[in-house]
Amino acid sequence: MTDTQQTADQPLLSARNLSVRFGGVLAVNNVSFDVKQGEVFTLIGPNGAGKTTLFNLISRIYTPTSGEIDYMRVKLTDQPPHKIAALGIARTFQNIELFEHATVLHNLLIGRHTHRQTGLWSEIFFTGKTRAAELQAREKAEQVIDLLDLQHHRDSFVAGLPYGVRKVVELARALCTEPRLLLLDEPSSGLNVEETDDMAFWIQDIKNELGITVLMVEHDMTLVSKVSDRVLAMNQGEVLAMGTPREVQNDPGVIEAYLGSIDDVSSLRRPYQAPDLRGGAQ
Ligand SMILES: Nc1ncnc2c1ncn2[C@@H]1O[C@H](COP(=O)(O)OP(=O)(O)OP(=O)(O)O)[C@@H](O)[C@H]1O
Ligand SMILES: [Mg+2]
């Protein structure tokens with residue numbers, strides 16, 4: 001077995017006792033969780049809970065103060081950031097990160113760059129190998145454009161696109177790298193109800209049709225309940241609860257953590273009958 005092969009019952013990603021401190025702030029405090037192959041695993045929690053910091057640890061933008069992350073038998077915490085995409089991990093950002101003055105298609109082709117196996121000389125002389133890689137990249141980009149219904153925007157400059165479309169382009173860019181693990185940081189933020197519904201369908205398609213494992217951060221509990229197999233709730237860097245969406249939403253510690261914000265509480269309640277939470281009977 002090579003380093004990157006693994007058996008079906010092994011988690012795809014395993015975070016063990018992760019902590020990260022920024023000066024006086026313990027942003028992530030002794031967090032452990034496994035992400036299973038093929039599931040949608042969602043991190044929820046109030047603002048500042050440490051959700052994006054966990055993504056940044058997995059992407060190797062940050063190094064943990066203590067703890068480790070294993071991914072497909074590779075110790076991720078030993079890998080340099082530029083190796084992450086080649087290991088099959090792609091992400092979208094809480095604030096969209098795209099090349100604004102390039103077209104949608106160009107953004108997708110840039111996203112594809114990690115798959116290039118061609119060397120400098122073959123790129124300079126545009127050899128057969130380079131041409132084949134170019135064609136393969138194009139083909140993948142077109143497939144993703146079709147999957148996410150972006151045909152109408154494929155030659156538009158990103159800068160001129162509405163926010164909701166940019167959000168889908170960012171998802172498309174990540175998919176073009178053909179990831180095994182996709183990290184989505186707040187995929188529905190800034191989207192209207194209809195766009196959020198579309199996003200839910202796409203996340204389900206990504207899981208069911210492309211077989212990609214999804215680790216998501218999300219505030220919209222309707223979307224979370226619709227697409228997540230398991231949910232981990234955090235508060236102030238710590239794990240509050242882990243389980244199915246329903247189990248986590250009914251957890252007294254989770255309800256309490258959200259009580260500071262009326263909006264968050266109502267969004268937490270939306271998918272279920274109000275008595276579930278008010279009576280605390282379940
Ligand atoms: N680079 C950094 N330097 C200093 N503090 C940081 C840094 N990154 C994150 N933090 C702090 O760590 C804590 C967790 O932040 P994080 O961005 O992970 O929260 P979050 O759960 O993603 O919140 P939100 O829902 O608002 O996106 C916050 O107190 C934040 O200010
Ligand atoms: Mg965040």
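A nonpolar core, as I use the term here, is a set of buried Ala, Val, Leu, Ile, Met, Phe, Trp, Tyr and Cys residues joined through C-beta atoms within 7 Å. I am working on a predicted model.

**Entry 1: the core**

I looked up the largest nonpolar core first. It has 67 residues. A172, L182, V214 and A233 have the most contacts inside it. Helix 5, residues 163-175, gives the most to this core, with 6 residues. I then checked the domains. The core takes at least three residues from domain 1 (10-88 + 179-265) and at least three from domain 2 (98-178). As background, I note that nonpolar side chains tend to be buried together in soluble globular proteins.

**Entry 2**

What is A172 in contact with, leaving aside its neighbours within four places in sequence? I find L108, V144, I145, L148 and L150.

Next I went to L182. I find L182 in strand 7. Is L182 buried or exposed? L182 counts as buried because 25 C-beta neighbours lie inside 10 Å, and the cut-off for buried is 20 or more. Not counting residues up to four places away in sequence, L182 touches A90, A174, I206, I212 and V214. V214 is also among the core residues with the most contacts. I also checked L182 against T92. They are 90 residues apart along the chain, yet their C-alpha atoms are separated by 8.1 Å.

**Entry 2: around ligand 1**

Which residues surround ligand 1? I list F22, V25, A27, G45, N47, G48, A49, G50, K51, T52, T53 and Q94. Two elements give two or more residues to this shell: strand 2 (25-35) and helix 1 (51-58). Helix 1 supplies the largest share, 3 residues. By class, I get 4 nonpolar, 7 polar and 1 charged residues in the shell.

I then went through the pairs. Strand 1 and strand 2 pair in the antiparallel sense over 7 bridges. In this pair, S14 stands opposite D34 in strand 2. The two strands, 1 and 2, form a hairpin with 2 residues between them. G23 sits in the turn and has a positive phi of about 55°. On its other pairing, strand 1 meets strand 4 (residues 66-71) in the antiparallel sense over 5 bridges. Here R16 stands opposite E68 in strand 4.

Most residues other than glycine have a negative phi.

N17 has a phi near 50°. N17 lies in strand 1, residues 13-22. Is N17 buried or exposed? N17 counts as exposed because 12 C-beta neighbours lie inside 10 Å, and the cut-off for exposed is 12 or fewer.

E186 has a phi near 55°. Where does E186 lie? I find E186 in the loop between strand 7 (181-185) and helix 6 (193-208). E186 is buried, because 20 other C-beta atoms lie within 10 Å.

How values were computed
Residues are numbered from 1 along each chain as its sequence is written. Chains are lettered from A and ligands numbered from 1 in the order in which they are written. This is a predicted model: local features need pLDDT of at least 70, side-chain atom pairs count only at pLDDT 80 or more; totals for chains, interfaces and linings use all residues. Helices (H or I, at least four residues) and strands (E, at least two) are DSSP runs, numbered from the N terminus. Domain bounds come from an automatic or database domain assignment. Two residues are in contact if their C-beta atoms, placed from the backbone, lie within 7 Å. A residue is near a molecule or strand if its C-beta atom, placed from the backbone, lies within 6 Å of it. Ala, Val, Leu, Ile, Met, Phe, Trp, Tyr, Cys and Pro count as nonpolar, Asp, Glu, Lys and Arg as charged, and the others, Gly among them, as polar. Two strands pair if DSSP finds at least two bridges between them.
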